[in-house]
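Biologist: Could you put the structure up so that we can go through it together?
Modeller: Here it is.

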Amino acid sequence: MLEARELACLRGERVVFAGLSFALEAGTALLLTGANGAGKSSLLRLLAGLIPPAEGVLLWQGQDALADRAAHARRLRYLSHQDALKPALTARENLAFFARLWGGDAEAALAALDLLPLADLPARVLSAGQKRRLALARLALGADAPLWLLDEPTVGLDTASVARLGALLARHRAAGGMVIAATHLPLPLPDARELRL
Amino acid sequence: MRAWLALLARELRLALRHPADTLAAVMFFVLVAALFPFGIGPAPEALARLAPGALLASALLAALLPLDRMFGADAEDGSLDQLLLSGLGPAAVAAAKAAAHWLTTGLPLLAATPIAAAMLNLPVEAWPAAIMALGLAAAFLSLLGTAGAALTLGARRGGVLLPLLVLPLAIPAVIFGAAGIEAAAAALSPRPYLLLLAALVAAALPLAPLAAGAALRGE
């Protein structure tokens with residue numbers, strides 16, 4: 001279980017958000033909504049441990065999650081705005097690197113997002129939507145990370161790919177995983193609670 | 001360790017896909033070394049006297065070239081966040097970057113050392129010592145440079161700030177390296193100087209990645 005207590009985030013001198021509390025049980029999903037600049041991306045980065053909270057604590061199973069950041073990193077997958085792909089490497093090489101880091105099956109993950117026909121193309125020639133799919137394929141590697149933090153996961157995706165993402169999210173939640181997603185678009189996340197920033 | 005090797009392999013693969021970066025550093029090294037004969041004129045003894053210091057300075061300047069993109073490219077495309085969340089720890093990420101920098105920039109410079117040494121009229125007896133001194137000095141610079149690159153990441157004009165930060169710290173490597181080459185040119189043993197240089201590398205080996213890791217984490 002993930003619990004946030006009175007989290008606050010500063011950007012320079014500006015308070016992005018403060019006094020933010022929520023709890024997330026296994027198998028549930030949380031949708032972050034709010035206007036541009038409301039702090040959705042900052043909250044996801046904070047939850048990932050990439051930026052420290054200005055105030056408040058983040059608890060994982062009742063323990064301070066950010067005390068051991070390497071352990072926290074291992075239990076989460078973070079999908080940022082950027083796709084984190086190397087243009088010079090092929091789609092397969094990009095994914096195989098993460099498969100070697102985390103374990104998991106790169107071929108199955110490529111198949112899950114229908115990327116096998118593009119697997120040997122360098123990432124630089126892929127379209128924006130295809131790159132997004134390749135970034136999402138990291139989630140399909142299947143290595144067990146219970147917490148998924150997704151920043152606008154469906155930007156640029158066609159409807160078939162959104163459905164594939166939906167299947168991926170449903171499987172993850174059925175296995176007890178948690179999803180926190182920031183979005184402006186409808187997401188295939190049934191019975192997700194909404195947190196308005 | 002497996003994850004660390006995966007990261008190192010990725011860095012080397014990327015360097016192979018962009019061979020121009022390595023080639024640019026090697027060309028820069030040879031060209032800077034070639035400037036000295038033009039400036040000093042056709043006096044072989046004067047040139048040979050300057051050769052050790054000129055070799056070290058040219059090699060360190062050339063090795064600086066790829067440093068400002070070391071973390072910059074990964075920060076821009078979001079890869080850096082993923083590396084910091086890879087479970088490796090920021091210091092291990094920095095150590096892999098430093099190792100890759102030495103393998104893809106330091107080692108190729110050694111291959112070009114005989115060319116530069118010949119242009120500077122360095123006696124052939126001193127070439128092995130020159131190659132060893134440059135290899136160690138380049139390793140020292142890779143380590144310092146990784147810390148510098150992590151510190152200047154995201155800074156405006158980071159590319160200018162980086163040499164200002166790193167080069168003063170590299171002075172001991174120039175002193176010991178040049179002294180080693182000079183000793184070999186005078187038919188003395190370069191061993192004590194090279195050992196001192198190796199000691200510098202040994203000291204930087206744990207410290208520089210830790211400093212770089214702390215800087216990356218603070219980003």
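**The core and the two chains**

Modeller: Bear in mind that this is a predicted model. The largest nonpolar core has 135 residues, and the residues with the most contacts inside it are A:Leu149, B:Leu55, B:Ala59, B:Ala137 and B:Phe140.

Biologist: Which helix gives the most to this core?
Modeller: Helix 7 of chain B, which covers residues 127-152, gives the most, with 17 residues.

Biologist: And what does A:Leu149 touch?
Modeller: Leaving aside residues up to four places away in sequence, A:Leu149 touches A:Leu44, A:Leu47, A:Ala48, A:Leu76, A:Tyr78, A:Leu79 and A:Ile180. As background, nonpolar side chains in soluble globular proteins tend to be buried together.

Biologist: OK, switching to the contact between the chains: how many residues of chain B are in contact with chain A?
Modeller: On the chain B side there are 17 residues, and they are in contact with 18 residues of chain A. Helix 1 (2-17) and helix 5 (79-84) of chain B are the elements that give two or more residues to the side that touches chain A, and the largest share, six residues, comes from helix 1 of chain B.

Biologist: What is that side made of, by class?
Modeller: The side of chain B that touches chain A has five nonpolar, seven polar and five charged residues.

Biologist: How many helices and strands does chain B have?
Modeller: Chain B has 10 helices and zero strands. The radius of gyration of chain B is 18 Å, close to the 17 Å that the globule rule gives for 219 residues, so chain B is as compact as a globular protein of that length. Its C-alpha atoms fill a box of roughly 55 × 30 × 30 Å along the principal axes, and 49% of the 219 residues of chain B count as buried.

Biologist: What about the contacts of chain B along the sequence?
Modeller: If one takes the contacts in chain B between residues at least 6 apart in sequence, 81% of them join residues at least 24 apart.

Biologist: Now chain A, how many helices and strands are there?
Modeller: Chain A has six helices and nine strands. A compact globule of 197 residues would have a radius of gyration near 16 Å, and the 17 Å of chain A agrees with that. Buried residues make up 42% of chain A, and for contacts between residues at least 6 apart in sequence, 72% join residues at least 24 apart.

Biologist: In what order do the strands of the open sheet run?
Modeller: Four strands of chain A form the open sheet in the order 2-1-4-5, with antiparallel pairing. Strand 2 (14-24) and strand 5 (63-64) of chain A are the edge strands, each pairing on one side only.

Biologist: Where does helix 1 of chain A pack?
Modeller: Helix 1 of chain A, residues 40-48, packs on the sheet and touches strand 1, strand 2 and strand 4 of chain A, with its direction making about 120 degrees with that of strand 1.

Biologist: How many bridges join strand 1 and strand 2 of chain A?
Modeller: Strand 1 and strand 2 of chain A pair over seven bridges in the antiparallel sense, and A:Leu2 has A:Leu24 in strand 2 as its bridge partner. The two strands form a hairpin with two residues between them, and A:Gly12 in the turn has a positive phi of about 65 degrees.

Biologist: And strand 1 with strand 4?
Modeller: Strand 1 (residues 2-11) and strand 4 (residues 55-60) of chain A pair in the antiparallel sense over five bridges, and A:Ala8 stands opposite A:Glu55 in strand 4.

Note on methods
Residues numbered from 1 in each chain as written. Chains lettered and ligands numbered in written order. Predicted model: local features only at pLDDT ≥ 70, side-chain atom pairs only at ≥ 80, totals over all residues. Rg over C-alpha atoms; globule rule 2.2 N^0.38 Å. Buried ≥ 20, exposed ≤ 12 C-beta atoms within 10 Å, placed from the backbone. Contact = placed C-beta atoms within 7 Å. Pairing = 2+ DSSP bridges. Axes fitted to C-alpha atoms, helices over the stretch in contact; angles between N-to-C directions. Nonpolar A, V, L, I, M, F, W, Y, C, P; charged D, E, K, R; others polar. Core = buried A, V, L, I, M, F, W, Y, C linked by C-beta atoms within 7 Å.
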